[in-house]
Amino acid sequence: MYVCLCNGVTDREIREVAAAGCRTLPELTMRTGCGATCGSCLDMAQQVLDEVHAARALDVPVLAPDDALSRAA
Ligand code: FES
């Protein structure tokens with residue numbers, strides 16, 4: 001889906017850039033052009049960035065059963 005119509009930036013592109021380390025709207029604008037023209041897309045762009053970073057924050061290591069047992073002993 002297009003998030004930024006002025007500059008042809010899609011949610012997929014924003015997700016890719018966010019996954020590569022982009023954390024802020026100014027950085028997103030510098031990398032993709034999203035928001036650089038009318039700015040009406042910035043709220044949606046921020047939501048997409050937030051979704052990606054919230055999902056990545058949940059990436060916790062999972063203990064293998066053997067690890068859990070050895071820690072309990
Ligand atoms: S819709 Fe993104 S700058 Fe206009």
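**Note on the packing of the helices**

1. The buried residues of helix 1 are covered by elements that include strand 1 (2-4), strand 2, helix 2 and helix 3. A residue is buried if 20 or more other C-beta atoms lie within 10 Å of its own, exposed if 12 or fewer, and partly exposed in between, with C-beta atoms placed from the backbone. Helices (H or I, at least four residues) and strands (E, at least two) are DSSP runs, numbered from the N terminus.

2. On the basis of the model: this is a predicted model, in which local features need pLDDT of at least 70 and side-chain atom pairs count only at pLDDT 80 or more, while totals for chains, interfaces and linings use all residues. Residues are numbered from 1 along each chain as its sequence is written.

3. On the overall layout: the secondary structure of the chain consists of four helices and two strands, and along the sequence these follow the pattern β-β-α-α-α-α. Of the 73 residues in the chain, 22% are buried. Among contacts between residues at least 6 apart in sequence, 47% join residues at least 24 apart; two residues are in contact if their C-beta atoms, placed from the backbone, lie within 7 Å.

4. On helix 1: Ile14, Val17 and Ala18 are its buried residues. They cover an arc of only 100 degrees around the axis, which puts them on the same side of helix 1; the arc is that of the directions from the helix axis to the C-beta atoms. The exposed residues Arg12 and Ala19 are carried on the face of helix 1 turned away from its buried side. Gly21, which follows helix 1, has a positive phi near 120 degrees.

5. On helix 2: in this helix (residues 25-32), the buried residues are Leu28, Thr29 and Thr32. Viewed down the axis of helix 2, these buried residues fall within an arc of 100 degrees, so they line one face of the helix. Pro26 and Met30 are exposed on the other side of helix 2. The buried residues pack against strand 2 (9-10), helix 1 (11-19) and helix 3 (42-57). Just after helix 2 comes Gly33, with a positive phi of about 90 degrees.

6. On the pairing of helix 1 with helix 2: the two pack at an angle of about 115 degrees, and their axes are 11 Å apart. That makes helix 1 roughly perpendicular to helix 2. Axes are lines fitted to C-alpha atoms, for helices over the stretch in contact, and angles run from 0 to 180 degrees between N-to-C directions. Angles under 35 degrees count as roughly parallel, over 145 as roughly antiparallel, 65 to 115 as roughly perpendicular and the rest as oblique. Helix 1 passes helix 2 in a right-handed crossing; a crossing is left-handed if the near helix is turned anticlockwise from the far one by less than a right angle, and right-handed if clockwise. Glu13, Ile14 and Val17 of helix 1 make the contact with Leu28, Arg31 and Thr32 of helix 2. The residues of this contact divide into three nonpolar, one polar and two charged. Here Ala, Val, Leu, Ile, Met, Phe, Trp, Tyr, Cys and Pro count as nonpolar, Asp, Glu, Lys and Arg as charged, and the others, Gly among them, as polar.

7. On the pairing of helix 1 with helix 3: these helices pack at an angle of about 45 degrees, with axes 9 Å apart. That makes helix 1 oblique to helix 3. Their crossing is right-handed. From helix 1, Asp11, Ile14, Arg15, Ala18 and Ala19 meet Ala45, Val48, Leu49, Val52 and His53 in helix 3. The residues of this contact comprise seven nonpolar, one polar and two charged.

8. On Leu28: this residue of helix 2 is buried, with 26 other C-beta atoms within 10 Å. Leaving aside residues up to four places away in sequence, Leu28 touches Ile14, Val17, Cys22, Cys34, Ala45 and Leu49.

9. Val52 touches Arg15, Ala18 and Ala19, not counting residues up to four places away in sequence. The C-alpha atoms of Val52 and Ala18 are 6.6 Å apart in space, although the residues are 34 apart in sequence. Glu51, also in helix 3, counts as partly exposed with 14 C-beta neighbours inside 10 Å.
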